[in-house]
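Have the model open and follow along.

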Amino acid sequence: MTERALRLGTRRSKLAMAQSGHVADAVRQLTGRAVELVEITTYGDTSREHLAQIGGTGVFVAALRDALLAGEVDFAVHSLKDLPTAQHPDLVLAAIPEREDPRDVLVTGEGLSLARLPKGARVGTGSPRRMAQLNAYARSHGLDLTCVPIRGNVDTRVGYVREGELDAVVLAAAGLNRIGGTEELLGGLSAERLPTDTVLPAPGQGALAVECPATDTDLVATLSALDDPRTRAAVTAERSLLAALEAGCSAPVGALADILADGPGHGQVVTEMRLRGVVGTTDGSTLVQLSTTGPVPTSHDEAAALGRELAAEMLAKGAAGLMGERAL
């Protein structure tokens, strides 16, 4: 008797479907079983409020988790940056596949870049993290720009620039890469990948989370083959920093852990992990930006400790006062 198809729970957006499609293909190859996508509408998809207003944390996740717990789907794929930092007691993060490009992308009119935006440029982003860092960059480089809160999928956001409503919008590079057809989508617009020295990404940005019920030990074991240990170590450190700052994923916190290698080229020896963190007021007037470097973590606890250490340093420098209300 053929085994029944595995049911993968996913949000309905074009990006979520593309991300889940990549994971479904990998699971089919791994198991030889059919995988069907089950589309689930989340509160974050239906609410028209800005993410910062509806809390950010978990708004794209709760409905998928409800479906997992009710047995309506076997596993689910999330954007890791949408997941609350506390692990759900009945679910397990079975795999964090290799991360895509974690950077942000500035989409502008043809030939423009962040440094060359016109005076009074309007830049669309719904992220307090991006606003804080873009405004800080503008202040330190004598630029005059205004961040405008927006929502919507990739096509909608790019449309604001194409139709001249905004001078630029900020998107995640990983989303553009996963959707594919970027040249068609942008059609004559410019896309500048913002250096992480200018804008640090959201903790976990560019990484996917594959989650399933803790009781399904066979599926947990199967899905764990998709896990990338380096990505997991990096995002664990980033999310530990976020948790230790007691901030939700709509707070103006950026973090990125990267692996530092000894020497250029192939055959290089991975020696250390660097974790950078930033928190700031959305007007960019105050930023606390620090980094720490340590041995590459070999366990969850070591990675989490790196995040907590940097968070403690940031809090000592006044980070708590820059985040507005703490996430409850």
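Two strands count as paired if DSSP finds at least two bridges between them. Keep in mind that what you're looking at is a predicted model.

**Strand pairing**

With that in hand, look at strand E10 (residues 208-213), where 6 of the 6 residues are buried. Which strands does E10 pair with? One is strand E3 (residues 75-79), antiparallel to E10 over 4 bridges. There, His-78 has Ala-209 of E10 as its bridge partner. Strand E4 (residues 91-95) also runs antiparallel to E10, and 4 bridges join the two. In that pairing, Ala-95 sits opposite Val-210 of E10.

Strands E1 and E2 pair in the parallel sense instead. Arg-11 has Ile-40, in E2, as its bridge partner. What lies between these two strands in the β-α-β unit? Helix H1 (residues 14-31) does, and the unit of E1, H1 and E2 is right-handed.

Here are the pairings side by side:

| Strands | Sense | Bridges |
|---|---|---|
| E1 (residues 6-11) and E2 (residues 35-40) | parallel | 6 bridges |
| E3 (residues 75-79) and E10 | antiparallel | 4 bridges |
| E4 (residues 91-95) and E10 | antiparallel | 4 bridges |

**Helix H11**

Now jump to helix H11, residues 300-316. At 1.5 Å a residue, its 17 residues should span 24 Å, and the end C-alpha atoms are 25 Å apart, which agrees. Which residues of H11 are buried? They are Ala-303, Ala-304, Leu-306, Gly-307, Leu-310, Ala-311 and Met-314. These cover an arc of only 150° around the axis, so they lie on the same side of H11. After H11 comes Gly-318, with a positive phi near 100°.

**Helix H10**

Helix H10 takes in residues 229-244. Its 16 residues should span 22 Å at 1.5 Å a residue, and the end C-alpha atoms are 22 Å apart, so the two values agree. The buried residues in H10 are Thr-231, Ala-233, Ala-234, Val-235, Thr-236, Ala-237, Glu-238, Arg-239, Ser-240, Leu-241 and Leu-242. Note that Glu-238 and Arg-239 are among them. Just after H10, Glu-246 has a positive phi of about 55°.

Note on methods. Residues numbered from 1 in each chain as written. Predicted model: local features only at pLDDT ≥ 70, side-chain atom pairs only at ≥ 80, totals over all residues. Heavy atoms only, no water. Expected span 1.5 Å × (residues − 1). Buried < 20%, exposed > 50% of the residue type's maximum accessible area, 1.4 Å probe, protein only. Right-handed = clockwise from strand over helix to strand, strands pointing away. Arc of directions from axis to C-beta.
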